[in-house]
Amino acid sequence: MATETAQHVAMTLTDHLPVLQVLVPFVAAPLVVVLGSRQLAWPVAFISSALAFVVSILLLMQVIDGGTISYHIGGWAPPLGIEYRIDAANAFVLLLVTGISTVVLPYARQSVQADIPDRHHTLFYACYLLCLTGLLGVAATGDAFNVFVFLEISSLSTYVLIAQGSYKDKRALTAAYDYLIMGTIGATFFVIGLGFLYMATGTLNMADIAERIADQGSSRTVRAAFAFIVVGIGLKVAVYPLHTWLPNAYTYAPSAVTSFLAATATKVAIYVMLRFMFSVFQPAFMFEVNTLEYIILPFAVVAMFAASFIAIFQSDFKRMLAYSSVAQIGYILLGIAFLSETGLAAAISHLFNHGITKAALFMGVGALALRTGGSFYDRIAGMGRVMPFTSAAIVIGGLSLIGVPGTAGFVSKWLLVEAALEKGWWPVALLIVASSLLAVIYVWRVIEALYLHKPAYEVTAKEVSLWMLGPIWIMALSCIYFGLATDITLTAARSAAAGLLAGTIGLH
Amino acid sequence: MTWEFFVGHLNYWLFTVLMMTGLYIVVAKGNLVKKIVGLNMFQTSVFMLYISVGKVTGGTAPIFPVDMKIDPDVIYSNPLPHVLILTAIVVGVATTALGLALIVRIREEFNTIEEDDIVVIEQKLARDENELYHKAMGDLA
């Protein structure tokens, strides 16, 4: 690999896959701007996203059995150089991000045309690609400070993307501003945490930090670092009390942006949380066990209930889905808080399954809003007959959100209940089931509006084009596919969980 | 706490004060521009933390002599945190620029940059939406 000092090392393209994963969209973003052509912007974005998707499949195939790939940027060996480290956990996240991005882009083509004025299209796709780059970089890198840099690349472009919703509703601007303030506080907390880690260990390579913390044990500096990092990333994850930026941002962003972000951005943040909790800090430390058990777990349960309750009382479909996202993040955090292999596998598989479910639903609501002019229940009432294909896909997504057997949502919730029972925490298992019942209520309200109500306004709407229906149905069908063929997700999730829990992630 | 400890960690005390001041401004001020200023102070405090970490007692600037005759007795400061902070400064500048650009757009649309006024406008928008919704659903919803 690139470690060799010889000047001309024969390397195949395969060896460069980890960096290509990030580099392809990163190069495509300025290319879109330089080309400056509205016609070329979308094809370039789509091709680079599809290429990144292929790369992520190749990477996952290499590491699904528990191996790791270490790539040294520029041939500088870690810990001094920046290292990209791919294992089952992040290969899985990379696959999710690139997959969602590639599916959302054809949908975005039409949706963006309706939401955003023509003259901003090239810049929109450039921002979209930068956001993709940031998310992929966060997942791929093995260098702690590099995580921060990529996190900010993705965050800054996210703020811009959300603000693009202002052409439809001016509240997108304040939503983007609020997210900017909260996101920057989160990122700055994260850097302060990294500063403390650097003070304690004198290195920034994650594997190296882990080793040194393991050697010297915990100290006040390490504990402070842990606190800052958990709170900082918690803001990006939208852990329950830190979630306030999320509903507005998701509601007012353009449909394509919401579909992409809801399925990927918070998921990547959760991955960072996992990586720091299990690969950098040792789960053996008491402070970490306590944090998970007495802080993360109660907040996760509160999120499951409080956010679901709020979702029930929404009259806007899109905002309802945003609150349901907060609740679903609660499930994922619950899985992490169990601190067992089954719990982690549940968290990772729910991260994936919820990603595809929410992508299907948000794209569906976007299609409805495009045709009816809004996502309030009165607007979409009676659309079950007018737009049968979109509505059917929304029903499938809704069922997966509840966790009905045969859908993707069921698999991970089942695993979550299993993890709770394994620990003997049966009240928690009951709570998981109870909160799923709340999901039944808020999903039912949508189905009722779609199929049982008469249209409240004069209907001139018709079914959306295949450009939008295609992506919606790809996601809806994958909700069913991953609900029946559970091998793929569960193998990858279990392998990732085992890797994360194996001390310093089997780095040696 | 001894006097030496206090003075020896002066940078860190200042970092804490600056950080809390910045965070307080972000939370307490209603003016959107003032919030960005607070955010800037908050970020700047982190630069101070990192640069303090890089200081080595008796160390000089980490620049090798031109003729590369390196004297092993000379102590150099740690340059890595400086480099990291260079990146963080760039990020900070980008955030500030984007935040201010958003404020300009908010001012265009809402005609104010005071948070309290914006909240009132947004609440009115939400109320109107809900009324419309209730009427459309036959006052049942």
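Predicted model: local features only at pLDDT ≥ 70, side-chain atom pairs only at ≥ 80, totals over all residues.
**Entry 1: where the chains meet**

I began with the place where the two chains touch, and I found 32 residues of chain B in contact with 28 residues of chain A. For contact I used this cut-off: the C-beta atoms of two residues, placed from the backbone, lie within 7 Å. On the side of chain B that touches chain A, the elements giving two or more residues are α3 (32–54), α4 (80–110) and α5 (115–136) of chain B. Helices here are DSSP runs of H or I with at least four residues, numbered from the N terminus.

Which element gives the most to that side of chain B? I noted α4(B), with 13 residues. I then sorted this side of chain B by class and got 22 nonpolar, five polar and five charged residues. In this sorting Ala, Val, Leu, Ile, Met, Phe, Trp, Tyr, Cys and Pro are nonpolar, Asp, Glu, Lys and Arg are charged, and the others, Gly among them, are polar.

Residues are numbered from 1 along each chain as its sequence is written, while chains are lettered from A and ligands numbered from 1 in the order in which they are written.

The score pLDDT is the predictor's confidence in each residue, from 0 to 100. Chain A has an average pLDDT of 89, with 97% of its residues scoring at least 70. Where in chain A is confidence lowest, and where highest, among the helices? I found the lowest in α20 (residues 487–501) of chain A, with a mean of 85, and the highest in α4 (residues 121–140) of chain A, at 95. Residues 1–8 of chain A have a pLDDT below 50, and this stretch has 10 contacts in the model beyond near neighbours in sequence. Residues 504–508 of chain A also fall below 50, and that stretch has 14 such contacts.

For chain B I wrote down a mean pLDDT of 89, with 97% of residues at 70 or more. For the complex, the predictor gives an ipTM of 0.93 and a pTM of 0.92.

**Entry 2: the domains of chain B**

Chain B splits into domain 1 (3–110) and domain 2 (115–141), with bounds from an automatic or database domain assignment. Taken over C-alpha atoms, the centres of these two domains of chain B are 43 Å apart.

**Entry 3: two helix pairs in chain A**

Next I looked at α4(A) and α5 (residues 144–163) of chain A, which pack at about 150 degrees with axes 8 Å apart. Axes are lines fitted to C-alpha atoms, for helices over the stretch in contact, and angles run from 0 to 180 degrees between N-to-C directions. That angle makes α4(A) roughly antiparallel to α5(A), since angles under 35 degrees count as roughly parallel, over 145 as roughly antiparallel, 65 to 115 as roughly perpendicular and the rest as oblique. Among the residues making this contact are C127(A) and Y128(A) of α4(A), and V147(A) and F150(A) of α5(A). By class, the contact of α4(A) with α5(A) holds 12 nonpolar, six polar and no charged residues.

The residues in contact include L246(A) and P247(A) of α9(A), and K318(A) and R319(A) of α12(A). I recorded six nonpolar, two polar and two charged residues in the contact of α9(A) with α12(A).
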